[in-house]
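Hello,

Here is the structure I promised to pass on. Have a look at it first, and my notes follow below.

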Amino acid sequence: MRYHTPSSFEDAARLAAQAQGLTRFLAGGTDVLVQMRAGMVQPDDLIDLKKIPGVGDITRTDEGGWRIGVAVPGAALSAHDALRAEWPGVVEGMDLVGSVQIQGRATLTGNLCNGSPAADSVPGLVAAGATVEITGPEGTRTAPVAEIPAGPGKTSLQAGEVISAILLPPRGAHGGDAYLRFIPRTEMDIAVVGCAVNLRLSGDTVAEAQVALGAVAPVIRLVPEAAEAIIGTTLDEAALQALDAAARAACSPIDDKRGTVAFRTEVAGVLARRAALIAYGRAKGDTA
Amino acid sequence: MAKDEFKEFRLVGTRPDRPDGLDKVTGRARYGADISAPGMLWGAVVRSPHAHARIVSIDTSRAEALEGVKAVVTRADFPTGLTGEDWDLQENTMAGERALYDGHAVAAVAATSKLRAEEAARLIDVTYEVLPHVIDVDDAIKPDAPVIREGAADATVPEGMPPNVVRYMEFGHGNVEAGFAEADLVREGHYKTEATHQGYIEPHACLGQLGGDGKGEMWVCTQGQWFIRKMCAGVLGLDAAQLRVTPSEIGGGFGGKTTIFMEPLSLALSRKAGGKPVKIVMTRSEVLRATGPTASASMDVRIGMKKDGTLTAARAEFRMQGGAFPGSPVDMALYCAFAPYKLDHVAHVGYDVLANRPKCAAYRAPGSPMGAFAVESLIDEMCRELGLDPMEVRLKNAVREGDRASYGPKFASIGLVETLEATRAHPNLAEPLGPNQGRGVASGYWFNHNGETSVSLAISEDGTAQVSIGTPDIGGSRASIALMTAETLGIPYEDVRVNVVETGALGVNEPTHGSRATFASGKAAVLAAGQAITEMCRRAAAEWGIEPEAVEWVDGAAQPAGPNAGKFPPMSIAEIAGKMGETGGPISGHHESVPEGVGASFGCHVVDVEVDPETGRVTILRYLVVQDAGRAIHPAYVEGQYQGGAAQGIGWALNEAYIYDDKGRLQNPVFLDYRVPVASDLPMIDTVIVEVPNPGHPYGVRGVGETGITPPLPAIANAIQDATGARLRALPMNPPAVLAALKAARGA
């Protein structure tokens, strides 16, 4: 195995493009190193991104959104007051990943690129309309986070492409987001179902909404029907029931050791309602 | 010692720091995997990926050709002709003609590094012919189930039983049909529990060395070094005395480290590698797939109750699979099932059944939690139906000293009534409950155990004392034995060092199991200290020129027993010890026996839960453990045992389970998916130590390790019904199961 420490994303992309065998990018390493130790992955080239300047920074973009470096650990997101105030749902999703120790290393980008349908930080990014900046042999492009997952353990990134930052849009006024997951325990577990809701109010009425579901399909899924169920409503009981039904209808989960099809489907509707209420409250100014 | 005698103790009942505490918090303590030796090799084990398969061939040539590989062993390297439990252990250590469960060892390799050994293991080519398999106990007992082993049934099994039934039992007293006829309400229930693992933090690890001369050494993480010695010697055909086994510190056992798994493999590899020591450390996946979880159970219980709550008769029929070998704890489950109740008419039937799962090992009160789940659930259901208070019904029917136990013998001194009364008086029972919240109560029982015990004590030249015990310290027993020894000798706690010693240093000791260490090693240490005291009094008497009988031992010194004995100032232990060389040589004490006077222990738990009606998620709001300790030598460790038992029981009740796919492969062999409770899942568990001293122990000890895992299973089921109206009769009561039960209850 060859271990590389490029000093720019262009170099990282070049190394990846030239690599012949199995390549892995290393940021926090909380997936890659564990998979290597367990014998699941034996990369020929391991490209460590942490030496690239700026990968540990959270910065305000010119548009008023956020640029989050690929090596920013979860703990740094949670400690960033301004980011947390604007995108509490994104931050709480990442905060659910792993233990305190893992939070010191694990990154949003790594959680996204691991390709798990149950990744806790991804539904919040998808619902927020986040994009990724991708550096590749052909230069730099951006793509919605929602387009990166391509099935369990897979991404849509091409050979030689590397995510160089995650970009959150400007929060704007009267917006709120939330992420909830279901696990049988209180921590240290993998989502049986996850749901993020991001919305914007006009008065008491939901003007815009995005609903994303995790662990109920091969990829984390944006559910426009669920968003439509609450747009134009005040999240009254009828709207919540419609949201519940739309979320359930979007599910195509599997039976496995972590949950059943029937359970995941039912709980997806429950979490959608609960997350929507929290997001609504936050849009109204709740700080919890 | 009379039961009601109250005595003030100087040390017993205090809470000093544990002697092994500093080493453990600083990381200095040496656990199984911390032991290494010069020239050491690493072992790795090849395991069956099939639940049941004929081993057609094993080709080790590619592994043997790999640089750094020093030995490969298969079953062909083990002696033949073993019978009984020795054969079972050998077959479980290394598969013979067939692999009997997912994870069953089929070959092992030793190489110069861990990575090299793992690589070599991947190069061993095993050809399997996959056979039909069976996982569930009710499927395994069907007449047409795949047969795990022809001729495995023992003499207890009547003709015509299904082939996987290997042991059968019936016992009881009275006439249950007459008893049921006296009842106002007779109810029957069917209950199931899943297999669970002890979940100790430390995986199995050993370093074994065996030469061509049949002499060997082993350093190993175990609850019982003599069991390791006996079992390894049996499996490998060695003389037991030629194998010297030293236990490491132990990161949890709960019964699962009272037997052997990969230990004989390290010795067999070492012998084949010219006597180089071989270290084997299991991964968590190996621990879950291939060590000894507990049994799964299918149970039918029938109980008769009068309108006032009096029990008139009870019958239990339990079926348990303990893996591909005989030995499920169905007998223990039946013995414990009705133990808290005075019953004139009781009947028990049990089936020990084989299935394609790992060989079960002991797990904290083996069998008792399953039996309690069935019986305590049904009693709760009947109390609800009759509108009776479950605490009052338990008190009304509680066994007392002299009562005949449901499993036969008469109870000696027991503290069930005191335990139930202390429970009833606890403030948790007065806490108000909100919507979707409920309260459940259940009792539990464990016999406790004595076992072969050998302890030596030696007085040092400065008057301090060392105690050599053979029971590894899992739960603070070095502290409790040091307290009792110091109390007896009349010296400070800090002046006693308790060492857990290797097999060469003492007579045979059973493992730390059956909640016996503080009872049995503790009693032996006290008796050994008594011998040393007698000798020290004799030395003082000789110096004073009076009769030894005229000397008594008070506060760590010999003194004349009364004015007629003579006027001499007390002679301290340090003074006597300082001149032991001139007064007759070393001063020591020794005791070995199977100590009489075991004291059984009852407990009662009360749990408050909240159930999320939309997801079925159960949150433990409050949890109370009340249990009779006899006497708590070190109350902090007694409380720790109560809390630990409750925590494991809560995990068993709610989420833990062995999950198999349709090929019989274990789906959750990691802690991410084998869901033991995490710390934030549980509230601080409240404890009440009831003390009804055991007259069979010098300080009244009963043993506290096991009873605490028994009541949580039914207590939580009872609380869920209280909260929701839904009754769950199968474990685990995980969110999908609870949600389904809620929907069924709402539909009904």
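What percentage of the 288 residues of chain A count as buried? The figure is 51% of the 288 residues, where a residue is buried if 20 or more other C-beta atoms lie within 10 Å of its own, exposed if 12 or fewer, and partly exposed in between, with C-beta atoms placed from the backbone.

Before the rest, a word on conventions. This is a predicted model, in which local features need pLDDT of at least 70 and side-chain atom pairs count only at pLDDT 80 or more, while totals for chains, interfaces and linings use all residues. Residues are numbered from 1 along each chain as its sequence is written, and chains are lettered from A and ligands numbered from 1 in the order in which they are written.

**Chain A**

Chain A holds 11 helices and 12 strands; these are DSSP runs numbered from the N terminus, with helices being H or I of at least four residues and strands being E of at least two. Its C-alpha trace spans about 60 × 45 × 35 Å along the principal axes. The radius of gyration of chain A is 19 Å, which agrees with the value near 19 Å for a compact globule of 288 residues. That radius is taken over C-alpha atoms, and the globule rule is 2.2 Å times the number of residues to the power 0.38. Among contacts in chain A between residues at least 6 apart in sequence, 65% join residues at least 24 apart, a contact meaning that the C-beta atoms of two residues, placed from the backbone, lie within 7 Å.

UniProt lists residues 1–173 of chain A as "domain: FAD-binding PCMH-type", in an unreviewed entry. UniProt positions are given in the numbering used here, feature names are shortened, and annotations may be inferred rather than shown by experiment. Over residues 1–173 of chain A, the chain is 30% helix and 21% strand, and the end C-alpha atoms are 50 Å apart.

Helix α1 (residues 9–18) of chain A has Phe9(A), Ala12(A), Ala13(A) and Ala16(A) as its buried residues. They sit on the same side of α1(A), because they cover an arc of only 95 degrees around the axis; the arc is that of the directions from the helix axis to the C-beta atoms. What do the buried residues of α1(A) pack against? Their partners are β2 (23–26), β3 (45–48), β6 (131–136) and β8 (162–168) of chain A.

The loop between α9 (224–230) and α10 (237–249) of chain A contains Ile231(A). Ile231(A) counts as partly exposed, because it has 16 C-beta neighbours inside 10 Å. Its C-alpha atom is separated by 5.0 Å from that of Val206(A), 25 residues apart along the chain. Leaving aside neighbours within four places in sequence, Ile231(A) is in contact with Val206(A), Glu208(A) and Ala209(A). Leu235(A) is also found in the loop between α9 and α10 of chain A, and has a positive phi of about 60 degrees although it is not a glycine. With 21 C-beta neighbours inside 10 Å, Leu235(A) counts as buried.

**Chain B**

In chain B there are 20 helices and 26 strands, and 57% of its 748 residues count as buried. The C-alpha trace of chain B spans about 85 × 75 × 50 Å along its principal axes. For 748 residues a compact globule would have a radius of gyration near 27 Å, and chain B agrees with 27 Å.

The domain assignment, whose bounds come from an automatic or database source, gives domain 1 (21–28 + 450–593), domain 2 (33–132 + 199–290) and domain 3 (367–448 + 598–747) of chain B. The centres of domain 1 and domain 2 of chain B, taken over C-alpha atoms, are separated by 39 Å. In chain B, 13 residues of domain 1 are in contact with 15 residues of domain 2.

Two backbone details in chain B are worth a look. Leu731(B) and Pro732(B) are joined by a cis peptide bond, with omega about -5 degrees; Pro732(B) has its place in the loop between α19 (712–724) and α20 (735–747) of chain B. Ala365(B) has a positive phi of about 55 degrees although it is not a glycine, and counts as buried because 33 C-beta neighbours lie inside 10 Å.

**Between the chains**

The contact takes 18 residues from chain B and 15 residues from chain A.

Best wishes
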